[in-house]
Amino acid sequence: MDEEIILKVEDLRKHFGGVMATSDVSFRLRRGEFLGLIGPNGSGKTTLVNLITGFIRPDAGRIIYKGKDITGKMPYTIAGMGIARTFQMVRLFYNLAAYKNIIIPLCSPRVQARRGGKYGERDDMAVELLDEFGFERNSYVPYKAAGSLPHGYLKRLDLARAMALRPDLLLLDELFSGMSMSEVAATLPLLEKLSEEGLSIIMVEHRLKELFRVARRVIVLNFGQKIAEGSPEEVMKSEAVASAYLGSESDVPESPSVEGTPAVSGEAEKERPEKRPMLEVSNLTVYFENALALNDVSLGVEENEIVGILGSNSSGKTSLMNTVSGLILDMKKKEDRRGGERISVYGEVVFKGKRITGLGPVERVRRGLALCRERHPVFRDSDVMENLRIAGNRHKSGEVKDSIALVFEIFPHLKYIRKRKGGLLSGGEQQMLVIAMALVTRPELLLLDEPLLGLSPLLQSNVAEAMKDISLRGVTLMVTEQFARPLLPVINRGYVLENGILVMGGSRQELEENPEVRASYLGA
Amino acid sequence: MADNGGSYRKERVDRGIKARSDSVYAIASFRDLSYLLLPRFLPLLVAFILPLIVGDYWGKVLVYAAVFGILALSWDFLASCGLFSLGQALFFGIGAYLAGAFNYYLHWPIYATIPAASVGGALLCTALLAPVMRLRGVYFAMITLVLPMLFSRLIVATKVIGGSHGITNLTPLGSRWFTIYFALLALFVCLFVFRRIMAQDYGLVLSAIRDDDRAVMSAAINIFWRKVQALFIASGVGCFAGALMCHNYQFVGPSAFALDYSLMPLAATALGGPGSFVGAVLGSAVLVPLSEALRAFGGLRIAFYCLILMACIIVLPEGIFHYMARKYHRFERMVKV
């Protein structure tokens, strides 16, 4: 019967500078099984994936794969034995064409031994493989530089790269985070097919509804410990899971968490004395070479509002944020220097009554306009406190102290981890830190580009709450998001962006009641 | 031009002839062909005609430039898989000493010493550096920086292989013409082979290791073994440069491990544009003659040299080659719409 077990993890333990990332985790995986791994941000899911794939050495415990002890082996040895993985923050070669990214695993001894493949032949193999993952062979997509592809494609490219190894065990680290509903819908059948073909899969995921469609068994981690294991239904019923992961009200992702919010935002509306325009964007049009990223976008943000921008992947959300924050001017300069894509920007951006269209990002921050980019990196070797100080470097130290105190009020958890290095923070903690760093620059208008990306349901609502808190302290917010559910309750007004065009705008109620929004962004 | 009623528009020449992928071209005319081939063959032509024009002295400078070019190519190759070396002098010195020793003690002819020194030197250098292959960035650079110093001190202190005086009366390379053309040919063969390697899947993996070694590891590729292979190739080429130079000078001494041989290739590559190999050659072709031309300044020569180098790097931070390539790709032509 032991032949059935493909992976056996025994009492695995790992700690980073006093933090128990994994403590005595044991589980077994049968061949062909689809196992879900869930838990709050910072619960040690990614650490577990890193331990199994050899990127981190455990302090104690054993990992047995196909009857062989692989504990402490090098990542390439483990990958060569047939354990492939994807990365939470996709690790791709962005300046290479998408299909060239696939060539790297095809060059590995594992693949070579199986099917050979000479120079040139591998190109065809790569394009063929990508075709299965939605990169149509006859389109330009497989040949474009990976860096210029939208996020959803990158995720699938990462998956294709892992599958190029023809693995027996696949570890997926938040594959669905940042994917749109339609992209997830396109990827799910692929995973189902792979699972049916006998591939064993462990999937770390926050998007439970989607995960439960494929996973038969689920393990729940919290503070590095296994707190529950069983079928999705059993696990969701468990008390411990509900309080640790889903939030105490145990709002299962199906039910929108609207409760308690109207009161606060209604209060905010009353508090607002007069509606002064904070930001006016008119006729913004952005081209990347010949592709239209933003098409004649005009919108306004009033003082002390929270404005949401809803849109699926590659709808132009990030381009809009980059243009408003002035980052695009920097990108344009860099692209011009290396003779890459020609970026053209037309239209006007007016901030607090002054035209800022031609100003660089630094000057815009100085005037009170700060941006948190999507998946913004923190300084990995500096601790939380140092990160915050770096962000506040142009203010007087007294002011910075005040700002940091304020930030700790909004994110009490950051105070608790203030001595921890940026690189050791979990995805959710990094997201909080990044927002906090932007706040330390003392902005009047804060732009958040997909701040909820990759956060657990509990953290999503925490961050959404924090947005309200920030707004109550007199900061105006403009937030982009793919999914309306966690964001809608906190915004005052929203816009919907599709293919670079603002297709609708209105108050929260109007958006909530709009059938199209309900269908494509609420998943109703 | 816009008055033409929109029937013509500007198009970049390279956009016009590039077909989807970087390595496939759609050539429609003789002009397209010359657009592609001219920048590749003109410099070659100039390099091979130059020795016929210049005098005896500048001929020697040309050999010198070619040898430095080879050393710079070796540096650029290591850098393109993420190994930042500060010790090209190690390769150069070991190659020079091996060739000198084979020639002086064993009386091997040059067609035996040079290949033996290249391969033997590569083995030796790889064996020396393989244990520190896991060190990244500045640590690897530091080890490579101190190793040549260690060797030169060792030779001076223990008085082996000629001690501080070195060994003299080695077999010369050959006639003046043979020396010049052999060095140039070696340089261009090396350039071509390196560019070829990097265009293959093998090179793709090497450059991927530089960009993100964890992603390469997760693709089941033993990055340390690949790096050792790259080190073997690069050090072999570096040793070849040393062997060539010792026969050219008919002398080898502890100065073969001098810091110059470590820094000059680096400066040449930075000036010419790293990552392209052509930049390394171009940089050497500028720096070596420049340092000779500055001899007229006497004692201030190095000071002027440094100033010019600094100015170049500030004005053209991307390197001469990348600058020229960018401008060349921007050539536009009018096409009928």
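This is a short tour of a predicted model, stop by stop. Residues are numbered from 1 along each chain as its sequence is written, and chains are lettered from A and ligands numbered from 1 in the order in which they are written. In this predicted model, local features need pLDDT of at least 70 and side-chain atom pairs count only at pLDDT 80 or more, while totals for chains, interfaces and linings use all residues.

**Whole model.** The model has an ipTM of 0.80 and a pTM of 0.76.

**Select chain B.** Its mean pLDDT (the predictor's confidence in each residue, from 0 to 100) is 86, and 91% of the residues score at least 70. Now pick residues 1-5 of chain B: here the pLDDT is below 50, and the stretch has 2 contacts in the model beyond near neighbours in sequence. Two residues are in contact if their C-beta atoms, placed from the backbone, lie within 7 Å.

Show chain B as a cartoon to find 14 helices and 4 strands. Helices (H or I, at least four residues) and strands (E, at least two) are DSSP runs, numbered from the N terminus. The C-alpha trace of chain B spans about 80 × 55 × 40 Å along its principal axes. Of its 337 residues, 41% are buried, meaning that 20 or more other C-beta atoms, placed from the backbone, lie within 10 Å of the residue's own.

**Select where chain B touches chain A.** The contact involves 22 residues of chain B and 24 residues of chain A. On the chain B side, helices H8 (201-211), H9 (213-217) and H14 (320-329) each give two or more residues. The largest share, 5 residues, belongs to H8(B).

**Select chain A by domain.** Colour domain 1 (2-246) and domain 2 (275-376 + 447-521) separately; the bounds come from an automatic or database domain assignment. Their centres, taken over C-alpha atoms, are 32 Å apart. Where the two meet, 17 residues of domain 1 of chain A contact 12 residues of domain 2 of chain A. On the domain 1 side, H6, H7 (181-196) and H10 (239-246) of chain A each supply at least two residues.

**Select residues 151-163 of chain A.** This is helix H6, with 13 residues. From first C-alpha to last it reaches 19 Å, close to the 18 Å expected at 1.5 Å a residue; the expected span is 1.5 Å times one less than the number of residues. Is H6(A) enclosed or open? 13 of its 13 residues are buried, so H6(A) is largely enclosed by the rest of the structure.

Terms used
Buried ≥ 20, exposed ≤ 12 C-beta atoms within 10 Å, placed from the backbone.
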